[in-house]
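This briefing covers one protein and DNA assembly. Please look over the sequence and the model before reading the points below.

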There are 2 protein chains.
Amino acid sequence: MEKRATIKDVAQAAGVGVATVSRVLSGGSASPSTRERVLAVAAQLDYRPSALGRNLRQRRTGGMGLLVPDLTDSFFGRLAEGVLACARSAGEPVVVGSTGDDPEQESELIGMLLEQSVDRVIAVPSGDADAWRPAIRAGMTVIFADRLPAVPQDPAAASGFGDLMLLDGLAAAAPPPARALDAPAVLADDRAGIRTAVRYLSGLGHRRIAFLGGPGHDRRVAAFREAVGEPMDEELIVFATGSRDSAYAAASGLFQSRPDLSAVLAGGNMLGEAAVLAARELDLRVPQDVSLVMYDDVPWAELCSPPLTVIAQPGRDIGYRAAELVLRAGSRRPRTVVLPTELIVRGSCGPRR
Amino acid sequence: MEKRATIKDVAQAAGVGVATVSRVLSGGSASPSTRERVLAVAAQLDYRPSALGRNLRQRRTGGMGLLVPDLTDSFFGRLAEGVLACARSAGEPVVVGSTGDDPEQESELIGMLLEQSVDRVIAVPSGDADAWRPAIRAGMTVIFADRLPAVPQDPAAASGFGDLMLLDGLAAAAPPPARALDAPAVLADDRAGIRTAVRYLSGLGHRRIAFLGGPGHDRRVAAFREAVGEPMDEELIVFATGSRDSAYAAASGLFQSRPDLSAVLAGGNMLGEAAVLAARELDLRVPQDVSLVMYDDVPWAELCSPPLTVIAQPGRDIGYRAAELVLRAGSRRPRTVVLPTELIVRGSCGPRR
DNA sequence: CTTCTCCATGGAAACGATTCCATCATAGTT
DNA sequence: AACTATGATGGAATCGTTTCCATGGAGAAG
């Protein structure tokens with residue numbers, strides 16, 4: 001195990017100073033003859049500059065961080081692939097963390113990135129906007145992907161009655177009000193996607209459409225509410241946590257408590273999977289007994305029987321664009337990007353029975 | 001954007017030398033009173049040691065690298081989740097790269113890791129053993145997961161005649177012969193898994209069983225050959241590259257060229273997906289016309305119709321164990337670990353028609 | 001009381017790059 | 001010929017840590 005050549009070795013072998021080597025290698029000015037000699041020696045010694053030295057001097061780690069809830073979820077897998085593809089073509093390393101949709105783990109991972117001086121991060125956030133504020137204040141360039149961080153729970157709003165009074169009383173002198181974070185993001189056009197799906201189902205005659213949501217689906221739920229309009233039957237909106245079990249339980253519970261519903265819109269591929277499973281378990285036929293639309297297209301949607309009608313979102317592109325943005329950041333502050341979705345009609349929806 | 005406190009700030013504020021702070025923080029010896037004071041000051045200043053400084057001094061980056069062919073493949077997603085879970089609990093960063101099953105990209109990524117002084121790597125290798133030798137010689141601890149690197153193509157074997165002469169002439173002074181790499185690995189018990197599947201299919205009366213392989217499935221193919229025994233009908237073994245299209249083409253081609261086959265063993269989940277699709281396209285009913293076993297269990301296997309009979313392999317565990325090994329390496333050289341597989345019978349196999 | 005040992009402690013030297021700044025040579029201008 | 005502008009060059013400082021080593025003081029053993 002031979003040790004690597006350092007810039008000093010190159011300088012010595014080429015008979016120049018280290019400063020010159022550094023300049024040649026990073027495109028500074030140097031006479032053609034020196035340049036040539038240095039490059040030759042560097043190649044000959046198989047010299048590769050150590051990122052360690054450079055990083056320390058520049059007080060920042062190259063590359064970027066990527067935080068996703070769960071790489072097992074095929075959507076995040078595609079997103080990550082997009083990020084990695086972009087990073088690879090730029091020769092930059094990517095530090096990946098999986099948060100499990102748990103704000104606490106997310107915080108720890110943010111801390112880890114801070115410690116590593118990773119100052120560019122792409123995140124599918126699980127925590128509050130407040131969880132991200134410290135990172136941004138520390139100088140991190142953060143680009144959110146797929147979702148935006150929730151606007152922080154106002155402690156007053158959380159716990160009922162007396163708090164309303166409190167809120168009233170303190171309205172003027174209140175501490176910094178819960179507010180959204182303004183940070184660039186790359187998102188799918190959830191609003192349009194959901195609306196398209198709801199319109200499609202309505203067009204088939206469905207009146208009782210349920211929404212199966214998961215963590216981070218706030219914008220989708222909001223879009224669903226908007227698309228369905230008043231009066232909203234609140235029981236038709238149910239939530240699961242990130243796990244498969246929870247998704248199944250939510251779906252199964254929904255079908256059992258509301259036998260009158262005729263269509264379900266699943267907010268993500270795991271929810272869709274759970275819905276198919278639960279329906280099958282309860283002997284509900286798709287689409288005769290219940291119609292199903294899944295948000296997010298996955299390869300197996302076609303293999304399912306019936307093949308699932310879905311709203312496709314460009315997961316890979318989301319990642320790729322986010323990586324581009326975070327790499328180009330610094331020149332000018334990147335602005336939020338919204339990518340289109342597409343309704344793909346297969347076989348899981350039918351007219352209201 | 002305020003800048004972070006350094007160890008010097010802490011030392012000054014605590015009225016001690018930097019060496020003492022360093023010792024306190026990394027568990028060296030110090031008097032209880034100093035220790036307490038330093039810790040208090042550090043907490044108060046919200047001091048976090050910079051990984052940059054430490055890494056440079058120790059000439060190595062903490063954490064580990066992870067190289068997989070494709071995060072979009074649910075198996076590698078699970079494997080990555082396992083690695084990340086273990087790393088997270090150790091507080092270590094993971095640099096992830098996706099090779100696309102391309103040896104060239106893999107080499108570039110290895111180079112990137114070398115440049116970053118990442119000296120511990122978990123890899124699902126795509127390239128030769130030769131591609132990995134330099135990294136190992138440079139002092140990297142490499143643990144292979146899921147597969148072993150192929151034993152290098154002997155250049156003489158590759159290109160015919162003239163080379164034989166060359167080989168003859170140089171036989172004595174020849175460069176080190178192509179040989180396998182001896183490096184620890186964490187693998188699924190492919191041999192047992194494949195054998196179980198083949199026996200299961202044989203037991204159902206199948207005599208013409210085909211194998212659909214992908215990149216890195218060498219060990220599975222070998223196991224298949226062994227399990228089927230002589231005489232082997234070579235046409236029944238077909239290969240695809242990593243892409244979905246290629247997998248579909250291979251499956252479709254197989255079904256069309258050999259209408260006499262009665263069972264297919266798909267070497268990975270993408271191959272299985274392709275087989276289902278191709279069969280459906282050609283109006284072959286599963287399992288009446290053709291039986292199908294897929295290597296690797298995925299959530300959608302149950303949603304398929306019929307639900308797929310699979311050989312499950314513990315993807316997440318493979319990743320987790322590999323990460324454990326690579327973290328514990330250094331004490332003693334880790335040895336290869338083989339994890340069990342399990343045949344899960346669902347509905348995609350039937351008696352020979 | 002002396003000597004020896006043991007620990008806590010802080011100064012300073014790494015680690016490997018980038019970059020500021022001073023120096024020097026050469027060419028161009030008056 | 002004298003002076004200036006320009007560009008190449010190398011020395012040295014710097015980044016934030018860890019770690020080696022010397023120092024000094026306290027306690028134990030003689």
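What share of residues 5–58 of chain A is helix, what share is strand, and how far apart are the end C-alpha atoms? Over that stretch, chain A is 70% helix and 0% strand, with 21 Å between the end C-alpha atoms. The model is predicted.

**Annotated segment**

- The unreviewed UniProt entry lists residues 5–58 of chain A as "domain: HTH lacI-type".

**Contact between chain A and chain B**

- Chain A brings 54 residues to the contact, and chain B brings 53 residues.
- About 4600 Å² is buried between the two chains, and carbon and sulfur atoms give 59% of that area.
- Two salt bridges are counted between chain A and chain B.
- In a salt bridge between B:Arg48 and A:Glu115, the closest N and O atoms are 2.9 Å apart.
- There are 23 residue pairs in polar contact between chain A and chain B, counting pairs with both residues at pLDDT 80 or more.
- On the side of chain A that touches chain B, the elements giving two or more residues are helix 4 (51–58), helix 5 (74–89), strand 2 (94–98), helix 6 (103–115) and helix 13 (269–281) of chain A.
- That side of chain A is made up of 22 nonpolar, 15 polar and 17 charged residues.

**DNA strand D**

- DNA strand D is surrounded by 26 residues, the closest being A:Thr20, A:Arg23, A:Thr34, B:Ile7 and B:Arg57.
- Of the atoms of DNA strand D that come within 4 Å of the protein, 62% are accounted for by sugar and phosphate.
- On the phosphate side, a polar backbone atom of A:Ser31 is 3.1 Å from a phosphate oxygen, and a polar side-chain atom of B:Ser22 lies 2.8 Å from a phosphate oxygen.
- On the base side, a polar side-chain atom of B:Arg57 lies 2.4 Å from a base oxygen of DNA strand D.
- Two or more residues of the surface near DNA strand D come from each of helix 2 (18–25) and helix 4 of chain A, and helix 2 (18–25) and helix 4 (51–58) of chain B.
- By class, the surface near DNA strand D has nine nonpolar, 11 polar and six charged residues.

**DNA strand C**

- Around DNA strand C there are 26 residues, of which A:Ile7, A:Arg57, B:Thr20, B:Thr34 and B:Arg59 come nearest.
- Sugar or phosphate holds 64% of the atoms of DNA strand C within 4 Å of the protein, and the rest belong to bases.
- Phosphate oxygens of DNA strand C lie 2.7 Å from a side-chain N or O atom of A:Ser22 and 3.2 Å from a backbone N or O atom of B:Ser31.
- A base nitrogen of DNA strand C is 2.7 Å from a side-chain N or O atom of B:Arg23.
- Helix 2 and helix 4 of chain A, together with helix 2 and helix 4 of chain B, each supply at least two residues of the surface near DNA strand C.
- Helix 4 of chain A gives the most to that surface, with five residues.
- The surface near DNA strand C divides into nine nonpolar, 11 polar and six charged residues.

Methods: Residues are numbered from 1 along each chain as its sequence is written. Chains are lettered from A and ligands numbered from 1 in the order in which they are written. Side-chain values use heavy atoms; hydrogens and water are left out. UniProt positions are given in the numbering used here, feature names are shortened, and annotations may be inferred rather than shown by experiment. Helices (H or I, at least four residues) and strands (E, at least two) are DSSP runs, numbered from the N terminus. Contact means heavy atoms within 4.5 Å. Buried area is the accessible area (1.4 Å probe) that two parts lose on being put together, summed over both. A salt bridge is a side-chain nitrogen of Lys or Arg within 4 Å of a carboxyl oxygen of Asp or Glu. A polar contact is a pair of N or O atoms within 3.5 Å; within protein, one must be able to donate a hydrogen and the other to accept it, and residues adjacent in sequence count only if both atoms are side-chain atoms. Ala, Val, Leu, Ile, Met, Phe, Trp, Tyr, Cys and Pro count as nonpolar, Asp, Glu, Lys and Arg as charged, and the others, Gly among them, as polar. A residue is near a molecule or strand if one of its heavy atoms lies within 4 Å of it.
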